Amino acid sequence: MGKAGGGKGRPDLLRARLERGMTQEEAAAAVGVAVGTWGRWERSEQGIRPHSRRKIAAVFEAEAGEVEQWIEGWALGETSSWPVAEYGDTSTAASVKSAALLWRYEMDESRRHLLATLPFVPSVLAGWITAWNYGDSPQTVALRGNRRTVGQADIDRINEARQVFGQIDDQFGAELVRPTVVRYLDSTVTPLLRGRYDDQVGSALMSAAAGMTLLAGWTAFDLNQHGQAQQHFGQALRLAKTGNDPLTGVWILATMTRQAIHLEQATLAVWLARAATDAARRAQVSPRVMAFVLTRQAWATALRTKPAETNDKHSAKQVERLLAEAENAYAQGPTDRDPDWATRYEEVELNAQGGRCWSMLGDHQRAAVRAEAAVTAFRERIPRSAQFNQVHVAEAYLGMGELEQSLAAARAAIPATKALTSARSVDLIRQFAGRLEPYKGSMMVREFRDHLNHELAA
């Protein structure tokens, strides 16, 4: 965040310093950095970490959103700064205020548009992970006063609603359900968070709110609104921290890993995956949850090292070891410690994700078998997963040099792509079409591309 700006500098940061009558030396001393560092900040030659942004806000007596605008040059208001500037404060009051503001902005048409255009910002992850790993949860989650009393029945309704919304997302894609999710957060979850509850109910409420916020982020991710998704993932992690719920934190970190994989941010994906795995081990999660996070770590590792391309045998063995560990964990079977969200990650789903790893390891035959099994399992129940895996079948056959079978598999994915309201599903099949460039002289390829373009434009 706040990387070099092509020589444009950060004129708003310079202006803010001058308006306060401070020299570079004075500003640097007040914030606690070297004067050379401050100079590089103003020239946009060096990024500014979250903890330094908080210090600038305190020294300049400015709102966090204003500091973000000075640094990034965006008119982001408060939205960009919530996890960055205030993540260290995980008190119930602070987390509730931050979450409610995010959801209210989602309901404002102009601010919702602003959120949707936010970029994915890798550098904020350091602050989030540090706060998650080393920050303290509040001593009490309870809220008192003359407010509506919140009970377990309210929490159960949030969790039930999340499951229903998640099923709609799986069936039809994110665009159909996302407005309902954010409206529910604003109209139903916010009043509950502002209600009256004891520590036990408060912790469960924070976890339920974190799960629903994660779904809001996931649906933004499915629509390729990656900065907006990132905001919700960060907010979900903060709510889980406030509720002292490491299990939900594992779920969120693993989902953040999936976004980084999609964006091909390989180093970040590995970092997030390791954070999820470490958190899972500390929390002594159930075997099936551990299988889920280990598979994500294998996928991220394979993306970063690309063993089939680099012929890196050491990294190939590392990926294989992670996959074997995941399979062994899953084979231990379900337990009463499995959270409700873990039931979605059934064996065929884990095998399909493992298939992505095998593809990067160069074993396209094994990748094809796993993807085809997933298509069969998900075709009626989870159309989006079926569509993704149908394209993965096409990719696997392409990797084997079976062009005709590859194109036939890809053609079979087009109707589902049209039916879904998922930007990711469209991107996936268009990316496959791009991989056909070496075969562009083939009549079969030209016909497939023409057919794809016609169908997606219809």
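**Close-up views of a predicted model**

**View 1. The largest nonpolar core and W103.** The largest nonpolar core holds 95 residues, of which W103, M212 and L253 touch the most other members. Helix α12 (residues 199-222) supplies the largest share of this core, 13 residues. A nonpolar core is here a set of buried Ala, Val, Leu, Ile, Met, Phe, Trp, Tyr and Cys residues joined through side-chain atoms within 4.5 Å. Buried means under 20% relative accessible area, exposed over 50%, and partly exposed in between, with a 1.4 Å probe and protein chains only. Helices (H or I, at least four residues) are DSSP runs numbered from the N terminus. The model is predicted: local features need pLDDT of at least 70, side-chain atom pairs count only at pLDDT 80 or more, and totals for chains, interfaces and linings use all residues. Residues are numbered from 1 along each chain as its sequence is written, and side-chain values use heavy atoms, with hydrogens and water left out. Leaving aside neighbours within four places in sequence, W103 is in contact (heavy atoms within 4.5 Å) with L185, D186, V189, T190, L193, A209, T213, H232 and L239. Another core, of 22 residues, lies apart from the largest one and includes V391, Y397, L398 and A410.

**View 2. The pairing of helices α10 and α11.** The axes of α10 (residues 152-172) and α11 (residues 174-193) come within 9 Å and cross at roughly 170°. Axes are lines fitted to C-alpha atoms, for helices over the stretch in contact, and angles run from 0 to 180 degrees between N-to-C directions. The two helices are therefore roughly antiparallel to each other, a term for angles over 145 degrees. From α10, the residues D154, R157, I158, A161, F165, I168, D169 and F172 meet A174, L176, V177, T180, V181, Y184, V189 and L192 of α11. The residues of this contact divide into 12 nonpolar, one polar and three charged. In this division Ala, Val, Leu, Ile, Met, Phe, Trp, Tyr, Cys and Pro count as nonpolar, Asp, Glu, Lys and Arg as charged, and the others, Gly among them, as polar.

**View 3. The surroundings of helix α3.** In α3 (residues 35-42), the residues T37, W38, G39, W41 and E42 are buried. The buried residues of α3 pack against α1 (11-19), α2 (24-31) and α4 (50-59). Just after α3, S44 takes a positive phi of about 60°.

**View 4. The salt bridge between D170 and R344.** D170 forms a salt bridge with R344, the closest N and O atoms being 3.3 Å apart. A salt bridge is a side-chain nitrogen of Lys or Arg within 4 Å of a carboxyl oxygen of Asp or Glu, and by this rule the count comes to 21. The pair links distant parts of the chain, 174 residues apart: D170 lies in α10, and R344 in the loop between α18 (313-330) and α19 (347-360). D170 is buried, with a relative accessible area of 11%, whereas R344 is partly exposed at 26%.

**View 5. The salt bridge between E327 and R370.** The side chains of E327 and R370 meet in a salt bridge of 3.0 Å, N to O. E327 in α18 and R370 in α20 (residues 364-378) are 43 residues apart. E327 counts as partly exposed at 37% relative accessibility, and R370 is buried at 14%.

Technical notes: Parallel < 35°, antiparallel > 145°, perpendicular 65-115°, else oblique.
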